[in-house]
Amino acid sequence: MMKFSLAGAERAKLCGSGVDGSQTMNCRAQTALRQPIRAVPPASFIPLVALLLLALASPLSARDYPPDVPPPKPVVIPSPVVRALSNGLQVVIVERHTLPIITLRLVVKSGAECDPTNLPGTAALVNGLLTEGTERRTAHELAEAIDSIGGVVDNDVDWDSSYLSLSVLADHTELAFDLVSDMHLHTAFSPPEIERQRKQTLSSLEVAQDDPAYVADMAMQELVFSGTPYGHPEDGTLDSAQRITANDLHDFHDRYYQPRNCILAVVGDISVKNAMKLAAKYFSAWQNGSEPIPAPVASPAAASARRVVAIDKSDAVQTEIRIGNVGVPRDSPDYLALSIVNEILGGPAENRLFKALRTRQGLTYGASSDLICRRHLGAWVAKTFTRTPETLRSADVAIKQIQSLQDHGISSDELETAKSYLIGHLALEFETSDDLAEKVLELIEDGLPLDYWNDYPDKLQALKADDVNTAAMTYLDTGHDVMVLVGSISDFKKDLKKLGHVRIIPMSELDFGSPDLARTSEK
């Protein structure tokens, strides 16, 4: 429209008049009178037209088309060798001699789900202190030792496990074993390092709890997994981070950091014989204590209808939206079919949510879904955000996409695209020795066969549309799902009842340490 009106104004200016009907007609007449009359195109124009016609008439050669994309090469994962030390420590060795690099990854088969009920974040704080000093080396000395050999260390806590990984050049293999064993067996938990780590945790949580996306994710996690060991923030809360003591950290470490509760992966340029020799040298002295206390296995209470929680952040200019329900554990026979469902609904391959919310409606810049599969339980969550006035419209569009997938299933094209993406992407999951160690350890932790990834492409290709549709109908349930909205609720509060029964929690009253998320009864 702007382009059209500017053109009209320019004509008016050239003719010395306005842009009303009669003046425009007059302008056209004047313009026509000033145009020279040509009976024949100029001679220089004829060769140009001839060349253009000749080009259009010429057949396209093969190089004018993009080349055919070959099918992805099969990903062959080296078979791991699994041994054990006399103290019960499992040792998993994968020889990979393509590069002179070795990775040690030690996993504790207990994570944030084992946090004491009133002290969420304990597992994370214990793990964070592994690299902050031992009884033999200060934090500075540890960092210096790793830096001096060009090593890369990584540690974190997750649900169902905690890990520490160290990658070095193969020349420094023995020092790597020494460092990893020292950080696990002789963790210092010195008071200055505990306080420094506590301050970092508190600072991170304060920043995170002002982020609507973080708040929406944590609220969804607590609601979907309510009543289970997964129903709290793995990094803890502002309250729990202040109350965790050195004794709490020692108790957790003594209870779960035991050789019979751990797996050591050794991946890279090393032989099985040498790996076992070094594992025995540096880990045989590790003693077991009392039996680790596993997290209780529990299922969330069944919901009779959709639950909607609206967290009122009055200064927000957009709303974070989450919609989800209980899913399956990682070892479920429905996992592969649900992976296809997730790709089609909100994954990189197809993403119906993005097409509906962004491409067709222009309501957001991003929409996706996550298939969350833990050792004992899982969930499925759709995620998007939108400007405040479009909150309910966006939520409705997302729900309809989920319902459509549940009621009408998938197309054959969607199925093939999702399969191609998942199989083609598989090689990227095993790029480094640390990636390989992580993937192999996940199989052992979740009770899956060690040849799982080699069989993965064939099992995925064997899935039919009916298998995927059955999984969608079974696990996507918009009648009993959970919805979380984080934004300026007052701007659309009067229409919230269209979604069902809604609890509104002011941001100032939000408490992730409370079973109902609120410090006081909701308003």
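A residue is called buried when its relative accessible area is under 20%, exposed when over 50%, and partly exposed in between, with a 1.4 Å probe and protein chains only. Strands and helices are DSSP runs numbered from the N terminus, a strand being E with at least two residues and a helix H or I with at least four. The model is predicted, so local features need pLDDT of at least 70 and side-chain atom pairs count only at pLDDT 80 or more, while totals for chains, interfaces and linings use all residues. Residues are numbered from 1 along each chain as its sequence is written, and side-chain values use heavy atoms, with hydrogens and water left out.

The protein chain contains 18 helices and 12 strands. Of its 523 residues, 49% are buried. A contact means heavy atoms within 4.5 Å. Among contacts in the protein chain with a separation of 6 or more, 79% are between residues 24 or more positions apart.

Strand β5 (residues 162–169) is mostly covered, with seven of its eight residues buried. Two strands are taken as paired if DSSP finds at least two bridges between them. Strand β3 (residues 101–108) is joined to β5 by eight bridges and runs antiparallel to it. Strand β4 (residues 152–157) is also antiparallel to β5, with six bridges. Residue L166 of β5 stands opposite L104, and V153 stands opposite L166 as well. The hairpin of β4 and β5 has four residues between the strands, and in it D160 takes a positive phi near 80 degrees.

Strand β10 (residues 378–387) is largely enclosed by the rest of the structure, because seven of its 10 residues are buried. Nine bridges pair β10 with strand β8 (residues 318–326) in the antiparallel sense, and V381 of β10 is the bridge partner of G324. Strand β9 (residues 367–373) pairs with β10 over seven bridges, again in the antiparallel sense. Here G378 of β10 is the bridge partner of C373. A hairpin of four residues joins β9 to β10. In a regular strand the side chains alternate between the two faces of the sheet.

Two helices were examined by span, where the expected value is 1.5 Å times one less than the number of residues. Helix α15 (residues 412–425) has 14 residues and reaches 20 Å from its first C-alpha to its last, close to the 20 Å expected. Its buried residues are E414, L415, A418, K419, L422 and I423. Seen down the axis of α15, these buried residues fall within an arc of 150 degrees, so they line one face of the helix; the arc is that of the directions from the helix axis to the C-beta atoms. An α-helix has 3.6 residues a turn, so residues three or four places apart point the same way. The buried residues of α15 pack against α12 (335–346), α13 (352–360), α17 and α18 (465–475).

Helix α7 (residues 191–208) has 18 residues and reaches 25 Å between its first and last C-alpha, close to the 26 Å expected. Its buried residues are E193, I194, Q197, R198, L202, L205 and A208. The elements covering them include α4 (122–128), α5 (139–148), α8 (212–224), α9 (238–243) and α10 (246–256).

Rings of Phe, Tyr and Trp (its six-membered ring) count as a pair if their centres lie within 6.5 Å; planes under 30 degrees apart are stacked, over 60 edge-to-face and the rest tilted. A search of the whole structure finds nine aromatic pairs. The rings of F283 and W286 form a tilted pair, because their centres are 6.2 Å apart and their planes stand at 45 degrees. F283 counts as buried at 0% relative accessibility, and W286 counts as buried at 6%.

Y452 and Y456 also form a tilted pair, 6.3 Å centre to centre with 45 degrees between the planes. Both lie in helix α17 (residues 452–461), four residues apart, about one turn of the helix. Y452 is buried at 10% relative accessibility, and Y456 is buried at 8%. Ring pairs link F430, Y452, W453 and Y456 into a cluster.

A charge sits over a ring if NZ of Lys or CZ of Arg is within 6 Å of the ring centre and within 35 degrees of the ring normal. R330 lies over the face of Y335, at 3.8 Å from the ring centre. The charged end of R374 sits over the ring of Y230, 5.3 Å from its centre.
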